[in-house]
Amino acid sequence: MLYVRVPAVLANSDVDYTGFRVGFNAGKHVPNYVAWELTAERTEGAYSRKGVPFQADADVDGCAVTADYRRSGFDRGHMAPAADMKWDSVAMIQCHYLTNIAPQAQQLNTGAWNRLENLCRKWARRYGRIFIVAGPVLTDSLTRHIGRTGVVVPDRYFKVVVAPDAQPPMGIGFMMPNGYVEGGVQQTAMSIDNVEAITGLDFFSALPDSVEADVEAQTSFHQWNVR
């Protein structure tokens with residue numbers, strides 16, 4: 001479920017960390033995607049992000065360094081959020097590696113993106129487990145960069161979510177601009193099929209074909225929030 005097919009136009013190296021997988025783009029210095037399973041149990045934990053530093057992963061070619069973000073005007077935006085890694089000390093450290101980070105406007109990072117992260121934890125508790133893939137949209141024509149490394153600044157970000165154990169299984173996608181999100185999270189909802197068409201990525205191919213086709217066509221934000 002964590003395997004994501006990346007189009008040939010995007011350089012990609014898959015890196016497995018504790019609790020999540022990164023498909024890293026060494027030329028753009030940000031992830032193509034980050035994928036993880038979030039269970040109800042993993043929404044809780046004893047490990048705080050307090051005092052955990054952002055740092056480069058020296059084992060990954062092309063990884064940004066912390067100085068790239070300094071005075072850049074952009075937040076270090078987590079793809080797999082620290083609050084999803086409270087269950088394990090190693091996962092908490094590794095989610096602060098810059099392979100899991102991309103430049104986000106503060107309005108996005110602390111606004112709609114953060115609210116969607118909170119919703120995902122709510123959904124994981126409700127449905128037992130969900131699978132999430134998030135990342136920047138790198139198929140756009142991107143011209144902005146930060147730092148001496150030349151970290152690309154995305155114009156928008158995606159997140160796709162599947163609840164395989166819901167009855168029936170459910171899926172939904174989101175696409176957010178890298179800035180203020182007019183109308184909030186609900187206005188950014190779309191089908192996973194649409195996210196795949198925009199990003200060139202192929203998600204959830206491990207699902208049975210009939211289930212994959214169904215969940216990737218769904219668009220109902222309301223369905224996810226019915227009690």
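Buried here means under 20% relative accessible area, with exposed over 50% and partly exposed in between, using a 1.4 Å probe and protein chains only. At 5% relative accessibility, Ser 191 counts as buried.

This is a predicted model, where local features need pLDDT of at least 70, side-chain atom pairs count only at pLDDT 80 or more, and totals for chains, interfaces and linings use all residues. Residues are numbered from 1 along each chain as its sequence is written, and side-chain values use heavy atoms, leaving out hydrogens and water.

Let's stay with Ser 191, which sits in the loop between strand S11 (189-190) and helix H4 (192-199); helices (H or I, at least four residues) and strands (E, at least two) are DSSP runs numbered from the N terminus. Its side chain reaches the backbone nitrogen of Asn 194 at 3.0 Å.

Cys 120 lies in helix H3 and is also buried, at 1% relative accessibility.

The table lists contacts (heavy atoms within 4.5 Å) for both residues, leaving out residues up to four places away in sequence.

| Residue | Touches |
|---|---|
| Cys 120 | Leu 38, Ile 130, Ile 132, Lys 159, Val 161 |
| Ser 191 | Gly 173, Glu 216, Ala 217, Gln 218, Thr 219 |

Conventions: A polar contact is a pair of N or O atoms within 3.5 Å; within protein, one must be able to donate a hydrogen and the other to accept it, and residues adjacent in sequence count only if both atoms are side-chain atoms.
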